[in-house]
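Welcome! Keep the structure open beside you as you work through them.

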Amino acid sequence: MRYDELQDEIKNAMRAKDKPKLSILRQVHGEIKNIEVNERRDITDADVDAMLKRLIKQTKETLDGSIKAGNDQERTDTLTAQVAILESYLPKQVSGDELAALIDEVLTETGASSKKDMGRVMGALTQKTGGNFDKAAAAKELGQKLA
């Protein structure tokens, strides 16, 4: 997501009076501003993706804690909606057959033949996909192919 897209999304959420979406988009905007001010540089799309993934992880952890603590259903629903909103701004994750095909391609390119090569294969896979793949599924698939 680019910064100007974020500004447009905030305006649209304000017009639609979509409070959960507006709240989480403002949080994203604040995170972007923090990076720009603290690191004194312009933010890249990769920075935004990494920040979104971090916010998703934090929100999911909060959601898990909320469920375990037995908090009210409204809080749980709000956190679930926030995760869904944040995930909608991430690039599409590679999975399933497409991931399997990429793994085969990387195995051929790297010449990997044992589990010792798993790190090298995962690194090449990360470069090919920009990190947008299900790492657990990829590790499981690699484990089966390199066994």
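Two residues count as being in contact when they have heavy atoms within 4.5 Å of each other. Please keep in mind that this is a predicted model.

**Exercise 1. Find what the buried residues of helix 6 pack against.**

Step 1. Pick out the buried residues, which are those under 20% relative accessible area. In helix 6 they are V121, M122, A124, L125 and T129.

Step 2. Look down the axis of helix 6: its buried residues fall within an arc of 160 degrees, so they line one face of the helix.

Step 3. Look for the partners of that face. The buried residues of helix 6 pack against helix 5 (96-110) and helix 7 (135-145).

Step 4. Turn to the face pointing away from the buried side, where G119 and Q127 are exposed.

**Exercise 2. Decide whether I24 is buried or exposed, and list what it touches.**

Step 1. Locate I24 in helix 2 (residues 19-39).

Step 2. The relative accessibility of I24 is 0%, so I24 counts as buried.

Step 3. Leave out residues up to four places away in sequence; I24 then touches Q82, I85 and L86.

**Exercise 3. Describe the phi and the exposure of K17 and R40.**

Step 1. Start with the general rule: most residues other than glycine have a negative phi.

Step 2. K17 has a positive phi, near 55 degrees, and is not a glycine. R40, also not a glycine, has a positive phi of about 50 degrees.

Step 3. K17 sits in the loop between helix 1 (3-16) and helix 2, while R40 is in the loop between helix 2 and helix 3 (45-69).

Step 4. Exposed means over 50% relative accessible area. K17, at 70%, is therefore exposed, and R40, at 76%, is exposed too.

**Exercise 4. State how far apart the C-alpha centres of domain 1 and domain 2 lie.**

Step 1. The chain is divided into domain 1 (1-87) and domain 2 (94-143).

Step 2. Their C-alpha centres lie 29 Å apart.

How values were computed: Residues numbered from 1 in each chain as written. Predicted model: local features only at pLDDT ≥ 70, side-chain atom pairs only at ≥ 80, totals over all residues. Heavy atoms only, no water. Buried < 20%, exposed > 50% of the residue type's maximum accessible area, 1.4 Å probe, protein only. Helix = DSSP H or I, 4+ residues; strand = E, 2+ residues; numbered from the N terminus. Arc of directions from axis to C-beta. Domains from an automatic or database assignment.
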